[in-house]
Amino acid sequence: MEKPKRASWSGSVAFVLAAAASAIGLGNLWRFPYLAARYGGGVFIAVYLALSLTLGFTLLITEIAIGRYSRQSQLTAFRALGHPRWNFLGVLSTIVPLFILPYYNVIGGWVIKYFTAYLKLVAGGGGLENPQGFFDSFITAPWDPFVCMAIFTAVSCAVIVMGVKNGIEKANLVMMPILLLMAVGLAVYVALLPGAGEGIRFYLIPDFSSCDNLGKVILGAMGQMFYSLSLAMGIMITYGSYMRRCDSVPKASVRIVAADTFVAILSGFMIIPVVVMFAAKSGGGRAAIDAGPGLMFVTLPKVFASLGAAGAWVGFLFFVLVLFAAFTSAISMTEACVAAVCDFFHIRRNAAVSAVMLWTVVLGSLSAFGYGRWAVFKPFGLPALDFFDSSMNVLTPIVAALICAFVGWVLHPKRILAECQRDGSAVGFRLFYAVMVKFVAPLLVLAILISEICRIFNIGGWRI
Ligand code: PHE
């Protein structure tokens, strides 16, 4: 049978947009602001910036170049590079999105629920008077979380069925500009609210006292950067495999890092001032910002309610933004799974999408029902969603460290650098790249791994 021609992006802009759309997700909108608040504002931002431009950039060009060189998704890329013994790395980087996708889609389902709740609110209805009660009764409801997850999964799979150019590219072309516009609009609206200054100062001015341990700040920023840039999940390898040879890998990578970091910092401007203002009004103290996952689904709805008549609209726009961010990230993860199945089994795209969809819904049901009807199922004492999340937080640094070790010591950095020069541009960071990929990246990644294990087993009071 003749091998079908590999899909490709229509150009460099389409590729950057797709990779940025994958990178910009719940991590930027919700996790970055609360980590910044927890780790001394400006200190965290500075560390994050430094790490993204060095480690983030290194890992990003590595993955994209592996994909473009091999023209394969992560599962078969290592064999195509001529190192079949390292194929297990492809298997590991396929396991990561296969296990993250189901619970990411459960959270995507939560976002759909909030989007519809705010839609009702702007249309004059009610239902969100008690945000804590709303959240609790939703996640423990017998069917709601499952149905929302299934809808979220079906929509992202529908985009994937349409293919790389007609599905993913077009969806990003619609969602990303709207997302950016709304994020800038909301940040400006918040900055103009009376009393926003204190929150902005709290966010930007470095507070050295709140970061008692710089090591924790660095590890927190590094873990966040990984997640935020969608690294070690096979996504960038798969997306790189659709990249044209005439486009520049380093230039695209810088743009992806810049876009992702810009939206993360912008989200802080959107969220932190309103939460600080709300905390001052309600006497809740700054602990409100540190509410972790509850920040998005409980604290923010309370904050929106306190904004008066405008609150319903602000909440609605905010959840449209979150919904788009979650969709584009889920689409990239679904694509990484679908591409792996297609490349490995040589089956048609539609069949692969159906298989991935079935897998996602079945495995996702564990997390979707995990707070309600199946709450008794608690692996290692954790709700299913938290269990999958923690295990993946351990697996991703392992995969990233192994990819660096493989490129640094087995494949040789020269191969990646040669791929970076294919479009004819000069590469001025050869030594930097070799040192990063051989020594710095594996060590730093190992540090995240150890801290993650300490956090899970509660050793030494580590909490990132
Ligand atoms: N990078 C995305 C974010 O910042 C998250 C993500 C994780 C996307 C895994 C794809 C895969 O939210």
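These are legends for a few close-up views of a predicted model.

Residues are numbered from 1 along each chain as its sequence is written. Local features need pLDDT of at least 70 and side-chain atom pairs pLDDT 80 or more, totals for chains, interfaces and linings take in all residues, and side-chain values use heavy atoms, leaving out hydrogens and water.

**View 1. A stacked pair, F135 and F297, inside an aromatic cluster.** Here the ring centres of F135 and F297 are 5.8 Å apart with planes at 10 degrees, so the pair counts as stacked. (Phe, Tyr and Trp rings, the six-membered one for Trp, pair if their centres lie within 6.5 Å; planes under 30 degrees apart are stacked, over 60 edge-to-face, the rest tilted.) F135 sits in helix α6 (residues 131-140) and F297 in helix α13 (residues 294-305), so the contact ties together parts 162 residues apart in sequence. Helices are DSSP runs of H or I with at least four residues, numbered from the N terminus. F135 and F297 are both buried, on a scale where buried is under 20% relative accessible area, exposed over 50% and partly exposed in between (1.4 Å probe, protein chains only). The cluster's members include W110, Y114, F304 and Y371.

**View 2. R373 over two rings.** R373 lies over the face of W143, 4.5 Å from the ring centre. R373 also lies over the face of F369, at 5.4 Å. For an Arg to count, CZ must be within 6 Å of the ring centre and within 35 degrees of the ring normal; for Lys the atom is NZ.

**View 3. The salt-bridge network around E419.** R68, R245, E419 and R422 are linked by salt bridges, each a side-chain nitrogen of Lys or Arg within 4 Å of an Asp or Glu carboxyl oxygen. E419 and R245 have their closest N and O atoms 3.8 Å apart. That pair links helix α17 (residues 413-420) to the loop between α11 (235-241) and α12 (249-282), 174 residues apart. For E419 and R422 the distance is 3.4 Å. E419 is buried at 2% relative accessible area, while R245 is partly exposed at 30% and R422 is partly exposed at 42%.

**View 4. D144 and K113 in a salt bridge.** The closest N and O atoms of D144 and K113 are 2.9 Å apart. D144 belongs to helix α7 (residues 144-161) and K113 to helix α5 (residues 87-122), 31 residues apart. D144 is partly exposed, with 30% relative accessible area.

Methods: Helices (H or I, at least four residues) and strands (E, at least two) are DSSP runs, numbered from the N terminus.
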